[in-house]
Amino acid sequence: GMAATACSPVAADHKPGHRPHPHLTTTTTMPTTTTRLRLQEWPDATNTGVPPGTSLTTHNGNMFINTANQVIEDLHFVDGTIVLQGSASNTLIRRCLIDSGPSNFAGVLTESPFTASGTIIEDCEFDGGNVDGSTAIASVNFTVRRCNIHNYENGFDVGAGGAANLDVRDCWLHDMVPYTVE
């Protein structure tokens, strides 16, 4: 399993192999969203996950996405996984609470043949329910911003079926499930 870590903000003077200094950090504002992290802030409960005041609609079970350019937003997935299938390129998942539950391996999963690309996941909370072997995001070709990920064995399982091609920024991974040998 993956150890609990925090995805740190990217420093303006970041060099490979160097940990960014918190007083030199910047955030990037993307056209589809507004940034919630300020200079010198590290990801935590106050600036990751579903923004306070967001009204969520309950969705029970899995959701299968097989069409490009879909927007999945403001949902509370109960015992469910968002499954990205071959044609689900450029899917935007934002402001969702994903309780993947005991019967699901992942919160977001890209299915074989792993051709869905351009997935953006932002301002979401992932709760794995302390399930052994669980993964918040099992995917390729994705960007993750300001997500609160906890109670999974693995935050990310990347690279299945090809190059990982991922960008993870300003996320908070914590309270991960330790790997147990049976």
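**Strand pairing and charged contacts**

Within the sheet, E73 lies opposite R94 of β6. The model is a predicted one. The strand β3 pairs with β6 (residues 92-94) in the parallel sense, over three bridges.

**The sheet**

- Five strands form an open sheet with parallel pairing, in the order β3-β6-β9-β11-β13.
- The edge positions belong to β3 (71-73) and β13 (166-169); each has a single partner strand, so one side of each has no neighbour in the sheet.
- On average, neighbouring strands of this sheet are turned by 5° against each other, direction ignored.

**Salt bridges**

- The whole structure contains seven salt bridges.
- One of them joins the side chains of D74 and R95, with an N to O distance of 2.7 Å.
- Another salt bridge connects R145 with E122 at 2.9 Å, N to O.
- Because R145 lies in strand β11 (residues 142-145) and E122 in strand β9 (residues 119-122), this pair ties together parts that are 23 residues apart in sequence.
- R145 is buried, at 4% relative accessibility, and E122 is buried as well, at 1%.
- R146 and D123 also form a salt bridge, in which the closest N and O atoms are 2.7 Å apart.
- This pair again links distant parts of the chain, 23 residues apart: R146 is in the loop between β11 and β12 (148-158), and D123 is in the loop between β9 and β10 (125-139).
- R146 and D123 are both buried.
- Shared partners among the salt bridges join E73, D74, R94 and R95 into one network.

**Cysteines**

- The count of disulfides is zero.
- For C124, the closest cysteine sulfur is that of C96, at 4.8 Å, which is too far for a bond; the cut-off for a disulfide is a pair of cysteine sulfur atoms within 2.5 Å.
- C124 is buried, with 0% relative accessibility.
- C171 likewise counts as buried, at 0% relative accessibility.

Conventions. Residues are numbered from 1 along each chain as its sequence is written. This is a predicted model: local features need pLDDT of at least 70, side-chain atom pairs count only at pLDDT 80 or more; totals for chains, interfaces and linings use all residues. Side-chain values use heavy atoms; hydrogens and water are left out. Buried means under 20% relative accessible area, exposed over 50%, partly exposed in between (1.4 Å probe, protein chains only). Two strands pair if DSSP finds at least two bridges between them. Helices (H or I, at least four residues) and strands (E, at least two) are DSSP runs, numbered from the N terminus. Axes are lines fitted to C-alpha atoms, for helices over the stretch in contact, and angles run from 0 to 180 degrees between N-to-C directions. A salt bridge is a side-chain nitrogen of Lys or Arg within 4 Å of a carboxyl oxygen of Asp or Glu.
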